[in-house]
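Visitor: Please take me through one part of this structure closely. I would like to look at its salt bridges.

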Amino acid sequence: MQNPKSFLEILSFSQKRCVWIAFAVFAFLIVAFSHFVLQEYLFLQPCEQCVYIRYAFIVLGLGCCVIALSPRSIFGLFGIFICAYALARGVLAAFMLKGIQNALQSETFVFGLKGCSLNPKFDFNLPLDVWIPTLFAPSGFCGMDLPMLNRIQMLSPMQEWFVALYADGWYLIPTLKFGTMAECALFIFVVYGVGIGILFLTNFYKKSNKI
């Protein structure tokens with residue numbers, strides 16, 4: 001019994017380096033968007049959990065690059081482990097940030113909320129916040145996705161419009177207050193997990209059936 005042609009095309013597509021390169025580029029673009037647009041243009045300062053999410057996306061992108069070297073070799077398997085770790089790290093940080101946001105919005109909020117520090121800890125004790133402070137040094141408070149301006153900053157008319165739009169917090173759809181940063185990050189990590197999982201399983205299926 002032959003498999004459907006469309007499924008075979010998916011199996012072949014999963015082995016192409018361009019797929020993994022596209023995954024990597026998109027992960028890096030998310031980090032670039034968070035830094036250049038959200039942080040530099042809209043003045044939304046990253047918190048500890050935010051820089052962990054950035055870190056997870058960068059590691060995820062690097063994992064996809066490793067897979068792209070040779071999807072069917074040991075590089076592919078090693079890259080999958082890197083991606084799995086990055087996804088776990090990112091999902092944990094997104095959940096932590098979401099929990100802090102919920103606690104801040106709760107009427108029973110109490111002081112001493114844990115999970116937010118100005119001294120992040122990265123893998124292997126790498127001082128990324130010292131090496132690349134613009135990306136990895138927290139400068140905001142967890143759960144406070146608000147523009148942080150000083151009196152000397154001059155804004156363009158469009159910047160003023162965006163700052164006013166996000167005055168109550170950043171949302172994917174501000175008018176509906178739908179999709180916080182934590183929720184959007186979590187959704188993207190889940191989509192990545194599903195996509196990478198499908199490609200990995202189809203690769204395994206292809207090998208086992210010697211297609």
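**The salt bridges**

Guide: Start with Asp 123, which is buried, at a relative accessible area of 17%. Buried means under 20% relative accessible area, exposed over 50%, and partly exposed in between (1.4 Å probe, protein chains only). This is a predicted model: local features need pLDDT of at least 70, side-chain atom pairs count only at pLDDT 80 or more, and totals for chains, interfaces and linings use all residues. Residues are numbered from 1 along each chain as its sequence is written, and side-chain values use heavy atoms, with hydrogens and water left out.

The side chain of Asp 123 meets that of Arg 89 in a salt bridge (3.0 Å, N to O). Asp 123 sits in the loop between α4 (74-105) and α5 (128-131) and Arg 89 in helix α4, so the pair ties together parts 34 residues apart in sequence. Helices (H or I, at least four residues) are DSSP runs, numbered from the N terminus. Arg 89 is also buried, at 17% relative accessibility.

A salt bridge is a side-chain nitrogen of Lys or Arg within 4 Å of a carboxyl oxygen of Asp or Glu. Side chains of opposite charge can pair when their charged atoms come close.

The structure holds two salt bridges. In the other, the side chains of Lys 98 and Glu 183 meet at 2.6 Å, N to O. This pair links distant parts of the chain: Lys 98 in helix α4 and Glu 183 in helix α8 (residues 181-209), 85 residues apart. Lys 98 is partly exposed, at 23% relative accessibility. Glu 183 is partly exposed too, with a relative accessible area of 32%.

Methods:
Helices (H or I, at least four residues) and strands (E, at least two) are DSSP runs, numbered from the N terminus.
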